[in-house]
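The following paragraphs lead through selected features of one structure. Please keep the sequence and the model in view while reading.

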Amino acid sequence: MLTKRVIPCLDCDLQVPEGRVVKGVEFKEIKYAGNPVELATKYYEQGADEIVILDITASHERRETMVDVIKKLTENVFIPICVGGGIRKVDDYLNMLKAGADKCSTNTAAIHNPNLINEASEIVGSQACVVGIDAKRKYVKSPEDAPDKNVVEIKYPRLSDESKYCWFDCSIYGGRKFTGIDAIDWAIECQERGAGEILLTSMDADGTKNGYDLDLTKSINDAVDIPVIASGGVGSPKDIKEAFEKTDVSAALAASIFHFDEYPVPLVKKYLSENGINVRL
């Protein structure tokens, strides 16, 4: 049995030079959560398996990502670091890896230019090439209402479901724009182009603390062979356990429960281990 990963996520912006960690609900209602270097160090010392750092305004603001913050952060953090936000070209991958990151995640740029995935995976390796998918449910009355989409039957109602069926729409620019691209088809294409991992976030569940969107998570994970990181909606360790039990995702990502010390990383891992989930203690 493969060891499941528990990953804190730092959503960051550059409202201050040293960067700041923020948290929102459904990609809105943003509030301050801490300093990225201090939080990353804390999570490393607590036993996190990896850390994901997302510069959530870089693409929207059309600016470079926070290289200097990553350089400082990785001085004393010795677990895999994945950086996303503002990764638009292969040089951005190379710059972030030189700064100390182990992986780079791209969303908006990959949708605008899918060949970026091919180019990046060839140069830095697929293991360093992560594609972020921020997906939102689009409800339909029946599969016939969206014949060109992968319509799924909702089996884990939790999100004030408006229908028995939905498909998943990919968003870009930090959730500010929808593309009409089916998330399942896009995940498959990303794998074929050389992506080594999918960072999958449910916009509907994000920040709600009602648990992951298991319909989205399972649909994407079952469609690809590469690792999938579940993201969006964790309110307790039970939600992480449920994701590992009901889907075969490789990792579970959370933010609020860690940032605000509701459930520290060691407590989460202890709970998972006691409930039969294979984690690194």
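Is lysine 209 buried, partly exposed or exposed? Lysine 209 is partly exposed, because its relative accessible area is 35%; buried means under 20% relative accessible area, exposed over 50%, and partly exposed in between, with a 1.4 Å probe and protein chains only. The model is predicted, so local features need pLDDT of at least 70 and side-chain atom pairs count only at pLDDT 80 or more, while totals for chains, interfaces and linings use all residues. Residues are numbered from 1 along each chain as its sequence is written, and side-chain values use heavy atoms, with hydrogens and water left out.

Lysine 209 forms a salt bridge with glutamate 262, their closest N and O atoms being 2.5 Å apart; a salt bridge is a side-chain nitrogen of Lys or Arg within 4 Å of a carboxyl oxygen of Asp or Glu. Glutamate 262 counts as partly exposed because its relative accessibility is 31%.

The structure holds 20 salt bridges. One of them joins the side chains of arginine 137 and aspartate 213 (2.9 Å, N to O), and both residues are buried. Arg5, Glu50, Lys103 and Glu197 are linked in a salt-bridge network.

Lysine 269 counts as buried because its relative accessibility is 3%. Its side chain makes a polar contact with the side chain of aspartate 49 at 2.9 Å; a polar contact is a pair of N or O atoms within 3.5 Å, where within protein one must be able to donate a hydrogen and the other to accept it, and residues adjacent in sequence count only if both atoms are side-chain atoms.
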